[in-house]
Each structure stands twice: as structure tokens, then as C-alpha cells.
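Here are my notes for someone opening this model for the first time. Have it in view while you go through the points.

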Protein chains: 2
Amino acid sequence: MASKRDFVSAQQVAQRAGVSRSAVSRTFTPGASVAPETRQKVIEAAESLGYHVNHLARGLMLKESGIVCLVVSEVATPYRAALLKALTQKLQIAGKIAMLVNTDRSDESVGHALKQAIHYRADASIVLSGMPDRSIVELCLRSGQRLVLINRDDELDGPLRINLNDAEAAERICTAFARAGCRRVGFANSEAGTASLMAREEGFLAAAARFGLEAYCMRYGATSYQSGRVLAQRFLTMDNRPDGVFCASDLLACGFMDEARMAFGLSIPEQLCIAGFDDIEQASWGSYQLTTFAQPVELIAGHAVEWLQMEDVDPISNIKLQAELVWRRSIRAG
Amino acid sequence: MASKRDFVSAQQVAQRAGVSRSAVSRTFTPGASVAPETRQKVIEAAESLGYHVNHLARGLMLKESGIVCLVVSEVATPYRAALLKALTQKLQIAGKIAMLVNTDRSDESVGHALKQAIHYRADASIVLSGMPDRSIVELCLRSGQRLVLINRDDELDGPLRINLNDAEAAERICTAFARAGCRRVGFANSEAGTASLMAREEGFLAAAARFGLEAYCMRYGATSYQSGRVLAQRFLTMDNRPDGVFCASDLLACGFMDEARMAFGLSIPEQLCIAGFDDIEQASWGSYQLTTFAQPVELIAGHAVEWLQMEDVDPISNIKLQAELVWRRSIRAG
DNA sequence: TTGTAAGCGTTATCAG
DNA sequence: CTGATAACGCTTACAA
């Protein structure tokens with residue numbers, strides 16, 4: 001077992017093929033001119049030696065590493081994982097490679113992540129969680145690194161910002177609750193306080209006021225299944241429990257539904273209407289059949305990667321996507 | 001907006017600090033000797049310029065990139081996502097960075113993934129899905145790249161192989177079914193045919209035979225929730241439907257349970273015992289309360305990363321981990 | 001079309 | 001402790 005690394009270099013291939021090492025380089029450079037015969041010799045030599053271009057060295061020369069850094073917290077969460085999958089796939093198709101950095105959701109750790117991106121001279125970074133410090137963002141931009149912020153709130157110019165119509169979606173749910181005959185509605189949120197979560201909350205509460213519905217709002221813990229159960233406990237032990245609850249995410253909604261059914265014996269949607277957001281796979285499972293808004297995961301990833309490939313970009317780029325309502329069975333039909 | 005990249009280099013820092021560029025390098029090299037005063041000057045200059053060591057160049061010199069390539073298919077799947085999270089976290093703690101390559105499960109695409117790893121001179125690759133071609137494995141090894149295969153079946157020496165006691169676990173479930181008074185048992189598998197899936201199947205069937213239980217086995221589609229529903233349809237419309245079914249994975253089990261309850265009105269565990277494998281988060285959700293085996297995700301990741309950091313390793317390394325039984329409510333108590 | 005030579009940003013070696 | 005200098009493997013003018 002060789003302790004030290006021993007990759008084969010273009011030099012060796014050149015020797016074997018009996019050509020200069022630039023001929024080797026040219027053979028593996030898309031737009032270069034090299035005689036078919038030479039190319040053939042090089043290919044053969046490379047093949048037999050097991051040569052693979054060193055992207056570290058290439059990146060050093062080209063000032064373009066082909067690396068895109070993905071900054072995420074809670075990767076194991078269904079929505080995050082789905083987005084991650086879509087992003088890596090599209091990046092691969094675009095000839096890029098994904099570097100994954102896990103953050104603990106603190107903005108500071110997002111800063112660390114972006115520094116890693118700079119260390120490896122990533123061509124771009126895509127931030128799915130947390131908000132990087134202004135100074136780091138500027139450093140990235142100044143270094144010529146592109147930045148995509150997904151569902152983040154930020155006023156800086158330079159990065160591409162991809163957001164959803166959160167408030168509008170929340171409004172539609174409120175309408176659906178009203179049609180279903182709900183009298184008292186609730187919004188179940190986590191304490192994460194991200195821009196999109198808060199937009200859903202505000203949109204829902206505003207709409208409820210417009211409809212003249214009694215509305216309650218509670219926030220608890222992380223955006224998780226467990227928090228959903230706790231929120232259900234709190235909502236459903238109220239004196240005047242709501243008969244329609246919009247959960248800020250599907251994970252919360254699943255927890256809410258389970259608790260409502262098991263601890264309170266409520267049947268959904270007959271006695272309680274529930275809606276969620278994200279359309280994670282579990283929302284479609286038989287036990288939940290959750291009416292929810294679908295994060296346009298493929299579209300988000302598509303736009304992000306497409307923007308990364310554009311030659312020149314506007315310093316101020318915003319993309320607003322629509323979350324489509326997926327109607328299942330957790331809300332009574334109007 | 002600068003079209004071309006413009007990172008600050010050690011050269012510039014050296015100039016600003018009024019020292020040689022080797023002083024700068026030394027300042028950022030852990031074990032190097034540099035006067036506190038010089039170091040201070042360098043740090044300040046670096047800070048103000050926004051300097052970050054170029055890991056591409058460093059990797060080129062050191063022949064050690066700090067990159068570890070993660071090869072995965074179906075990243076969005078709960079168990080995969082959980083393992084991915086654990087791995088990236090441990091890698092980060094170990095000072096490594098994860099590169100993520102999505103495969104489509106074909107062994108060929110795993111080969112592509114490993115070539116990417118070679119391109120970027122990854123220090124190691126960790127394969128979670130599919131089996132790479134023998135020639136590629138040898139190429140990796142020959143290049144001095146380490147390889148970890150998780151839950152894969154392979155006879156080559158060189159890589160670290162991490163596996164579970166699948167057959168034994170299957171046996172324990174069979175025992176539990178027997179204790180619960182099951183007469184006819186079933187094994188619900190996907191058609192993926194991976195080593196661990198097959199080991200569970202064989203272990204279960206063998207144990208059933210030993211217990212003198214009537215046993216049926218079915219395979220269908222991917223290892224997914226939907227397949228679980230289809231498998232339930234097939235099992236539960238049998239003339240002599242089984243009263244205890246072991247599903248090869250939790251995803252299958254969740255689908256199976258939903259179908260059994262909703263389409264056949266069966267109550268679990270009273271009329272039907274169900275067990276799964278993986279202990280994904282959803283297995284603990286109120287609607288499922290699934291008795292299952294927990295993949296020791298943290299342990300797997302821990303062992304993998306620890307092995308990567310070892311100076312010298314045995315050419316033949318195997319780690320066999322125990323999947324612990326998590327007893328919930330989908331099997332009647334003996 | 002080809003080879004030669006310079007340079008990308010590092011770190012390691014070796015005098016001072 | 002410090003500063004030159006030589007790699008590392010690659011691409012790309014430039015000259016042949």
C-alpha cells in the first residue's frame with residue numbers, strides 16, 4: 001500500500017505517446033487543435049496509464065475550479081434533501097461538481113462554509129440555510145465568486161435571490177379554510193424566524209383579518225415533526241380551539257396531524273382542517289394526505305444552475321417562483 | 001462586476017506585510033516556525049486584504065487535497081440523507097471537505113463518480129450506493145486514494161468495507177413474529193438486489209424455515225414507499241395472507257402499513273405485525289410507530305472517517321456493525 | 001500542427 | 001527565524 005499519492009501526470013502520458021506534454025494537454029482541452037493521429041496516440045497512452053487530468057492544477061491555471069459550494073443546515077430534512085438532490089444533479093449536468101458544507105444554522109457557521117468555498121476557489125456558492133455575514137458576501141463577490149441565496153432575506157446586490165410567493169400562498173390557504181367553513185384559524189410556526197417562514201405567517205394572519213376570522217399564532221422550537229406535536233398540544237388545549245391550522249412546513253403539519261388524531265381523537269378534515277408547506281414526500285403518504293404548497297424544487301435548482309452558467313449577470317437579480325397548491329384531503333372541500 | 005476571478009495571493013500579503021512570501025506560507029502552516037511578530041504582521045495584512053490560502057495550489061504541492069468524495073444515489077431518501085449528514089459533519093470536524101456525486105444507481109455511473117474523485121485528487125471516496133467496477137477500484141487504489149464501501153458487497157482487498165449483521169437481524173424479527181403468534185410470515189423486498197437487502201431476505205427465510213413458519217417472499221420495484229403499497233396489495237390479496245411481514249426497509253414498511261390499514265382495514269399490530277429496517281425518522285412518527293432495526297448511522301460515519309485519518313491501514317479491512325432493534329408498536333408483544 | 005517556455009499559488013528545502 | 005528557489009501539473013502564448 002503506497003503511503004504517498006501517485007497519480008499519473010500528463011508528462012508521463014506524453015513520454016509514453018512520444019509527443020510533447022502540450023499535445024497531451026491539447027487532447028483533453030475541448031477547443032484545441034491537434035492532429036487526429038496525435039490525439040489517438042495520446043488517448044491510447046492515457047488510457048493504458050490511467051491518466052486523468054488534474055483539476056486542481058487546471059483550476060489553478062484557469063482560475064476556474066468547476067466547484068460549486070452548497071451551504072446547507074439540516075441536510076437530512078426531506079425538503080432540504082430534495083433540493084440538494086436536484087441541485088447536485090443539475091450541477092453535474094452542467095459539468096460542475098458539488099461541494100457540500102453542513103452548517104449548524106448559525107450565521108457564523110455559514111461564514112465558515114463560505115470561507116471553505118473561497119479556499120477551494122469555488123466558482124460559486126449556493127446558500128440554502130442561514131444568512132451569511134455582509135462582509136463575507138462582499139468578499140465572495142469581490143473574489144469573483146457567484147452567490148445564490150435560496151429563500152433567504154437579504155438586501156445586498158450581487159447575489160441571485162430566489163424566493164417564493166409565501167404570503168400569497170398563505171392567503172390562498174386562508175381562503176380555503178374560510179370556504180371549508182372554519183371559524184377560528186391558527187398558524188403553527190417554528191421559532192426559526194427565517195424570511196419565508198415569517199412571510200407565510202404574516203400573509204396568513206393578514207388574510208385571516210380580512211376574512212374576519214379569529215386567528216391565533218404560535219411559535220415553538222425547530223421546524224420539525226416534534227415541534228408540530230407540541231404545537232398541536234398547545235393549540236388543541238385552548239379554550240376555543242381553532243378548526244383550521246396552517247403549519248409553516250409539512251414537517252410541522254405531520255406532527256400536528258398525528259397529535260391531533262392520537263391525543264385528541266380528532267378526525268381530519270372533518271373536525272380540523274390542516275395545511276402545510278413544502279410538499280415533502282411524506283405529505284403524499286396515505287396517513288397524511290396533506291394539502292400543501294409544493295416547493296418548485298426542480299425549478300429552483302434549474303434557475304440557480306442556469307444563472308451560474310450565464311456569461312454576464314445583472315448585479316441585481318431576483319427570481320420569484322410560484323409555490324403551487326397541491327390539493328389533497330386535509331382540508332374540507334368548499 | 002468583474003468577469004474574471006481575482007483572489008488575493010500570498011504574494012500580495014507578503015508585499016503588504018513587508019515580508020517574504022514564504023513567511024506568509026509559514027504563518028498559515030500549522031507546524032511551521034515563525035516569529036510571533038512576523039506572524040502578527042502577516043495575519044493583519046491577510047485579514048485586511050481578505051486572503052485565504054488557495055487549497056487548489058496547496059493540494060497540488062502536498063498531493064493531498066483535503067477532499068473526500070461521497071458517491072450516493074437517491075440522496076433525498078431518509079436513510080441516505082441521514083448518513084450523508086453524519087458523514088459530512090464528521091468529515092468537517094476532521095478538517096476534510098465533502099464532494100457530493102449523485103449516481104443513478106447504475107454501476108457505470110458510480111464509475112463516472114469515482115473518476116470525478118480522481119480528477120479532483122480526492123484523498124478518499126466513500127461509496128454508499130452501487131458497486132464500482134473492479135478496474136476503477138484498482139485505479140483509485142493504485143493512485144493512492146482510499147476507498148470506503150458502505151453496505152456493499154465486494155471481494156476486493158484495499159477498500160474498507162462497513163457492513164451490518166443483516167441476516168442476524170432478520171432472524172430476530174422472525175423470532176419476534178413467532179412469539180407474537182404469527183403463523184404465516186412474509187418478506188417484502190424491492191428488486192434492487194443489493195447485498196444487504198438480499199442478506200435480510202435470506203436470513204429471514206432461513207429463520208422462518210427453522211421455526212416451521214409458512215413463509216412467502218415478494219420483490220417489487222424500487223426500495224420506496226410506493227413499492228411498499230404495491231407489495232401490500234400483493235401480499236394481502238393472497239388466499240392465505242400472512243399475519244407478519246418483514247419489510248426490507250422502513251420506506252417499504254411505511255407504504256405497506258398505510259395500504260394495509262386504508263385498503264384492507266387491518267389494524268396493526270392486532271391483525272398484522274410489521275417490521276422494517278433503517279429506523280428512518282418517519283418510523284418513529286405517530287402514524288407508524290414501526291418496530292425496526294436502526295442503522296448505526298453515526299457509528300458508520302465515525303468509523304469511515306476515522307479510518308480515513310489513519311496513517312497506515314490494513315489492505316484488508318472489514319467492520320461489522322450491529323443494527324439495534326428499536327421496539328415500537330408494530331409487532332404484538334410476546 | 002507541434003514543441004518550448006512561462007506562469008498559476010502553494011509548500012519544502014536549504015542557505016544565510 | 002528568514003528569504004530565495006525548486007518543484008507540483010496544468011494551460012497557453014509564441015515560435016518553429
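1. Start at the DNA. α4(A) gives the most to the surface near DNA strand D, with five residues; helices here are DSSP runs of H or I of at least four residues, strands are runs of E of at least two, and both are numbered from the N terminus. "Near" a strand means that a residue's C-beta atom, placed from the backbone, lies within 6 Å of it.

2. Before going on, some housekeeping: this is a predicted model, where local features need pLDDT of at least 70 and side-chain atom pairs count only at pLDDT 80 or more, while totals for chains, interfaces and linings use all residues. Residues are numbered from 1 along each chain as its sequence is written, with chains lettered from A and ligands numbered from 1 in the order in which they are written.

3. Which residues come nearest to DNA strand D? Of the 26 around it, they are A10(A), S25(A), A57(A), S33(B) and A35(B). Two or more residues each come from α2 (21-27) and α4 of chain A, and from α2 (21-27) and α4 (55-62) of chain B. By class, this surface has 14 nonpolar, nine polar and three charged residues. In this scheme Ala, Val, Leu, Ile, Met, Phe, Trp, Tyr, Cys and Pro are nonpolar, Asp, Glu, Lys and Arg are charged, and the others, Gly among them, are polar.

4. Now look at DNA strand C. It has 24 residues around it, the closest being S33(A), A35(A), A10(B), S25(B) and A57(B).

5. How are the two protein chains related? A rotation of 180° with 0.0 Å of shift along its axis superposes chain A on chain B, with an RMSD of 0.1 Å. That is the relation of a two-fold axis. Of the residues of chain A, M99(A) comes closest to the axis, at 2.1 Å (C-alpha).

6. The protein contact takes 55 residues from chain A and 55 residues from chain B, where contact means C-beta atoms, placed from the backbone, within 7 Å. On the chain A side, α5(A) gives the most, with seven residues. By class, that side has 24 nonpolar, 18 polar and 13 charged residues. The copies meet through the same surface, since 98% of the interface residues of chain A are also interface residues in chain B.

7. A strand pairing crosses between the chains too: three bridges join β2(A) to β2 (residues 97-103) of chain B, and the two run antiparallel. Pairing requires at least two DSSP bridges. A98(A) has L100(B) as its bridge partner.

8. Check some backbone details. I268(A) and P269(A) are joined by a cis peptide bond, with omega about 10°, and P269(A) sits in the loop between α11 and β9 (273-278) of chain A. In chain B, R121(B) is not a glycine but has a positive phi, near 50°. Is R121(B) buried or exposed? With 25 C-beta neighbours inside 10 Å, R121(B) counts as buried; the cut-offs are 20 or more other C-beta atoms within 10 Å for buried, 12 or fewer for exposed, and partly exposed in between, with C-beta atoms placed from the backbone.

Terms used:
Contact = placed C-beta atoms within 7 Å. Least-squares fit on C-alpha atoms with pLDDT ≥ 70 in both.
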